[in-house]
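Visitor: I am new to this one. Could you show me how to read it, feature by feature?

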Amino acid sequence: MRKTVLITGGAGFIGSHFTEYLLAHYPDYEVRVLDALTYAGRRENLAAVEGDPRFIFIHGDVRDKQTVREAMQGAHDVVHFAAETHVDRSILDPDAFITTDVYGSFVMLETARQVGVERFVHVSTDEVYGAIEQGAFTEESPLRPSSPYAASKAGADLLVQAYARTYGLPVLIVRPSNTFGSRQYPEKLIPLFTVRALHDQPLPLYGDGQQRRDWLYVGDHVRAIDTVLHRGQFGEAYNIAGGNERANIEVSRLILHTLGKPESLIQFVKDRPAHDRRYALDDSKLRALGWRPEADFETALRETVLWYANHPEWWQPILQNKQDYQAFVQRWYGR
Ligand code: DAU
């Protein structure tokens, strides 16, 4: 069936992988990407689909009602990725998180209600649940966010649920765990530590390095969203787990081993305030729709690390950006 899908945040890390995936797997779909191209959204992330006649790029902000309305007009489905996503930045400067993640999501929902879309997928996060010491969160677990970032995502998640109940908007929510792969902005653990190791710079590991994350490969992540978009039940949330729980120190060592760098590069630094100790998700609801993660963690991590090693042209301009990247690194790690 010929249809148009609006993807917000499609020039970001996961959004650009999803855009590529959708165009590659659905020959009769048209994709519109709406992206504000803030620091983490980059047009070059969409290089593989530029020139495809089924792809349209719209430069705009999800907080701008007029732009969102124009972008959504005539779209059948919406997949809403656009958000501020970095926990540490949210601790320094929460403003943009509240306006983009909460208010921006409200604009998206309100427009979807007025325009009348067929399906609205909201990309939430496992961080809305907060930390868990043992076991795993189900979709029914209470939302107990720790950081301004997680709280802003929880606010959006609750708004999406309210729009389903109040207006019958056909929404679907995904709550993915820590995702990794190519084209992730080098502020997040894996790309940050990789580019620092490549420069023989210390890897700033927070606290005791024993915090645990469940790592989800981006290819498995985009297949999960495809599954929920096409087979999910309206009004429902779906956890996306990677099944690869590792302590941060283990991930750091794997990065160093891949690059042939010494473990002495690991430097324990001041912890992140309100640092969630462990994340873990029960993904049985999503598996019941037929999805399961396929990537082998060690192989996918090695491939990802080598992708950064082989693509300095992708990350060098970011590292050279004094106003944004260097200023953030100095403020955060020098605090
Ligand atoms: O769980 C899903 C979430 O994963 C997403 O919703 C967020 O958008 C994404 O940023 C990510 O959040 P985390 O805070 O878990 O990811 P981050 O890569 O910032 O950190 C991963 C772990 O590594 C975390 O325990 C903090 C630690 N860390 C991170 C950085 C940047 C360090 O020890 N040192 C660092 O310099």
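**Reading helix 6**

Guide: Start with what is hidden. This is a predicted model. In helix 6, the buried residues are Ile190, Pro191, Leu192, Phe193, Thr194, Val195 and Ala197. That is seven of the ten residues, and the helix is mostly covered.

Visitor: What covers the buried residues of helix 6?

Guide: The cover includes two strands, strand 7 and strand 8 (203–206). It also includes helix 8 (248–259), helix 10 (297–310), helix 11 (312–319) and helix 12 (322–333).

Visitor: What happens just after helix 6?

Guide: Look at the backbone angles there. Asp200 takes a positive phi of about 55°.

Visitor: Now the loop before that helix. Where is Ser182 found?

Guide: Ser182 sits in the loop between strand 7 (179–180) and helix 6 (189–198).

Visitor: Is Ser182 buried or exposed?

Guide: Compare its accessibility with the cut-off. Buried means under 20% relative accessible area. Ser182 has 13% relative accessibility, so it counts as buried. Next, look at its contacts, leaving aside neighbours within four places in sequence. Ser182 touches Phe13, His17, Thr304, Trp307 and Tyr308.

Visitor: Let us turn to strands. How should I read their side chains?

Guide: In a regular strand, side chains alternate between the two faces of the sheet. Take strand 1 (residues 3–8). Lys3, Val5 and Ile7 lie on one side, and Thr4, Leu6 and Thr8 on the other. Both faces are covered, and these residues are all buried. Six of six residues are buried, so strand 1 is largely enclosed by the rest of the structure.

Visitor: Which way do the side chains of strand 4 point?

Guide: Strand 4 covers residues 77–80. Asp77 and Val79 point one way, Val78 and His80 the other way. All are buried.

Visitor: How do I follow the pairing from strand to strand?

Guide: Check the direction, then count the bridges. Strand 1 pairs with strand 2 (residues 29–35) in the parallel sense, over six bridges. There, Thr8 stands opposite Leu34. Strand 1 also runs parallel to strand 4, joined by four bridges. Strand 4 in turn runs parallel to strand 5 (residues 119–123), again with four bridges.

Visitor: What does Asp77 stand opposite in strand 5?

Guide: Asp77 stands opposite Arg119 in strand 5.

Visitor: Next, helix 4. Why does its length make sense?

Guide: Helix 4 has 21 residues, 95–115. At 1.5 Å a residue, they should span 30 Å. The end C-alpha atoms are 28 Å apart, which agrees.

Visitor: Where is the kink in helix 4 centred?

Guide: The kink is centred on Tyr103 and is about 25°. The buried residues of helix 4 include Phe97, Thr100, Asp101 and Gly104. Met108, Glu110 and Val115 are also among them. After the helix comes Gly116, with a positive phi near 85°.

Visitor: Last, the ligand. How many residues surround the ligand?

Guide: There are 25. The closest are Thr125, Asp126, Glu127, Tyr149 and Arg272.

Key
Residues are numbered from 1 along each chain as its sequence is written. This is a predicted model: local features need pLDDT of at least 70, side-chain atom pairs count only at pLDDT 80 or more; totals for chains, interfaces and linings use all residues. Side-chain values use heavy atoms; hydrogens and water are left out. The expected span of a helix is 1.5 Å times one less than its number of residues. The bend at a residue is the angle between axes fitted to the seven residues ending there and the seven starting there. Buried means under 20% relative accessible area, exposed over 50%, partly exposed in between (1.4 Å probe, protein chains only). Two strands pair if DSSP finds at least two bridges between them. Contact means heavy atoms within 4.5 Å. A residue is near a molecule or strand if one of its heavy atoms lies within 4 Å of it.
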